[in-house]
Amino acid sequence: MQISYHASSRTFHLQNDSISYIIKILPNDQLGQLYFGKAIRDRENFDHLIEMHYRPMTAYVFEGNKEFSLDHIKQEYPSYGTTDFKHPALEIVQPNGSRITNFTYVSHSISAGKPALKDLPATYTEEEHEAQTLTFHLRDELIGTELDLHYTLFAAAPVIARSACFTNKGNLDLHLTTAMSLSLDLPDSNYEFVHFSGAWSRERHQKVRRLEAGIQSVESTRGTSSHNHNPFVILKRPETTEFSGEAIGFSLVYSGNFLAQAEVDTWGTTRLTMGINPFQFDWKLEPGESFQTPEAVMVYSTDGLNAMSQTFHKLYQKRLARGYWRDRPRPILINNWEATYFDFTEDKLVSIAQAAKNDGVELFVLDDGWFGARCGECAGLGDWFANKDRLPNGIAGLAERIDALGMKFGLWFEPEMVNKDSDLFRAHPDWRICTPSRRASHGRNQFVLDYSRQEVVDAIYDRMATLLREAKISYIKWDMNRCITEAFSASLPADRQGELFHRYILGVYQLYDRLTTDFPHVLFESCASGGGRFDPGLLYYAPQGWASDDSDAIERLKIQYGTSMCYPISSIGAHVSVSPNHQVYRTTPIETRANVAHFGTFGYELDLNKLTEEEREKVRQQIQFMKDYREVIQFGTFYRLISPFENTNFAAWMVVSEDKKTALVGYYKILNEVNGPYHRVKLCGLDPDAAYCVDGTSSHYGDELMNLGLITTDGAAGEQSPNYRKSIDFDSRIFVLHAE
Ligand code: DGJ
């Protein structure tokens, strides 16, 4: 890995074994983008990569030089209105109303490792040799503003992480109205734009559309990264598959309003922009103040989407997630939400926990309803004191009883919310987000606390920290169940109201940071009505997240498949719930519910006391299976094999251990077939020369399994022999492969 500077051509080459990223200081002293892709040889001068041809109706920078137009020249961090007419990476409104800027090169520095981002989550290095960081120091002389652009190249992965930092060194008040984390100009538009969109209980469904002239984008304006769109997009070639072809993944380490946009211009070039959504963003930068953007991560692959995802998985698992739980297999949990909703007593909870303990579960999680006057959705949020009617011995007393069973205890919070019917709201009505003299809209009968205010964050920290000190709590589920409306903060002046959404997220990060620092052994699971804030920003604090409120196994195939495009299996909260399912009322076999949930953090969301003895026996086997294989599942290499978005009846995925000696293949069939075709799935990532014993019976070489495939034909597909296993609707199998 090396970041080289060629002074004679004023060119920078960020290069490791797999990628090259080339930047040049242009004749107008702005930064030009020359190349991002597969590694190419270094040379002193790459000027031949710059295409400059005069076209009528373009404006040009220098008198008499019609060719030098920013309309054509690919740039690193472009601004609008000085011959470039595309959407910019930055916009600064100045006291005279002008929005024109000119940030030019002053100097650069190259350092080992990767500096942390102030107050923001970001990828990191543990050893300096893992990465190098190039920082450009740019300046707009007229407004006395400095702009630092950071590029971190990871040594052993096709990854570049980028961010920008603005500092007002002048004496004017400025308003930053666009401050993107990255802008990347690509020389053509022969791409598909892949994004992960949906709704509550239908998160991260993969959508693919061809780039065309004009703008395509996904965004959030809701205050969270949202169920509707994820801050992750891919540009891939039309021919790129899971297994081959070029793809670039763009991921924003951020949990608030974001924009990911591809703009294709008249000449068929593409600008990919990603960062805080400029919509309603307005950050006042007074003299001496700085603004740091979140980090955006780019991953390049020539080997298809699986390879891209594997790079993200490893990076986010090892160098974004942190702390005690980062490398540890996750506890198998039982959560009482779908078992009881708000209807529980201490004894009922203990009986659910006891049954789970008997079957091998390790952690009992008490969900919503344990505090204040919380008997339903309309009261109690904000009053983080145990409801003594339900829990006469408090949280500490319940935690003791769970501990006495030999289980860990976990607790649900929704720290960012308040109900109108709560002591917190009665004491601090101005702590909610709402606009003066306007109606405050409701969402799940609750309001959002103003996390841009330090006293609000402090008050919630004090309550949570007190409980964590008083009771034996090993896990926290941090929920967030509505979007922000009537965005306005009582504590911000008029000309800073455009800062609220970002300040809110900074407050959330601060609380996460304080709690994870002060209670390093507590496992945090993020949640926002399921996967409404499943993003890399929260992964930095909470190494796992509840992927969706839809716990139906068949629905989960798409949700978990889509989620796996960017996020590691160790981060995907997945549970076995009751059948018929509570979201889609579907009846599925308990085996299939587990066979899907196994490819996640794994747990149960039901009352095991209500299952038959036969089902309980299966549960015991499922838990033992997870204990045996969770290390491989959560930390092995994950491959998607059959996409439920492309195949209406089948899905498959697999994991392979690092030493390639163990592999698990999850194979799922939605509706049964009568006399259907024979089926095989080609596996990936095995040792071609190793003989693998499949399910303890037949033996196959790795090259056979990867080229001829694993035979998955079942008994109902043309075979009626009693020797074959009979299949049913919503059937599934996990094949276990061991190298002999
Ligand atoms: C939404 C979460 O996604 C559920 O798992 C559950 O915790 C409920 N909130 C509780 O209100």
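I asked which element gives the most to the lining of the largest pocket, and I found that helix 1 does, with 10 residues; helices (H or I, at least four residues) and strands (E, at least two) are DSSP runs, numbered from the N terminus. This is a predicted model, in which local features need pLDDT of at least 70 and side-chain atom pairs count only at 80 or more, while totals for chains, interfaces and linings use all residues. Residues are numbered from 1 along each chain as its sequence is written, and side-chain values use heavy atoms, without hydrogens and water.

I noted a volume of about 1,100 Å³ for the largest pocket. Of its 34 lining residues, Ala156, Gln310, Thr311, Lys314 and Leu315 are the closest to the centre. (On a 1 Å grid over the protein atoms alone, a pocket is an open set of points where a 1.4 Å probe fits, with protein on both sides within 12 Å along at least five of seven lines, and lining residues have an atom within 4 Å of a point; a volume is the space filled by probe spheres set on the points, which are joined across faces, edges and corners.)

I then turned to the second largest pocket, which holds about 590 Å³ of space, and whose 28 lining residues include Lys118, Asp119, Leu120, His502 and Leu506 as the closest to its centre. Helix 7 gives the most to this lining, with seven residues.

Lastly I checked confidence: the mean pLDDT (the predictor's confidence in each residue, from 0 to 100) of the protein chain is 97.
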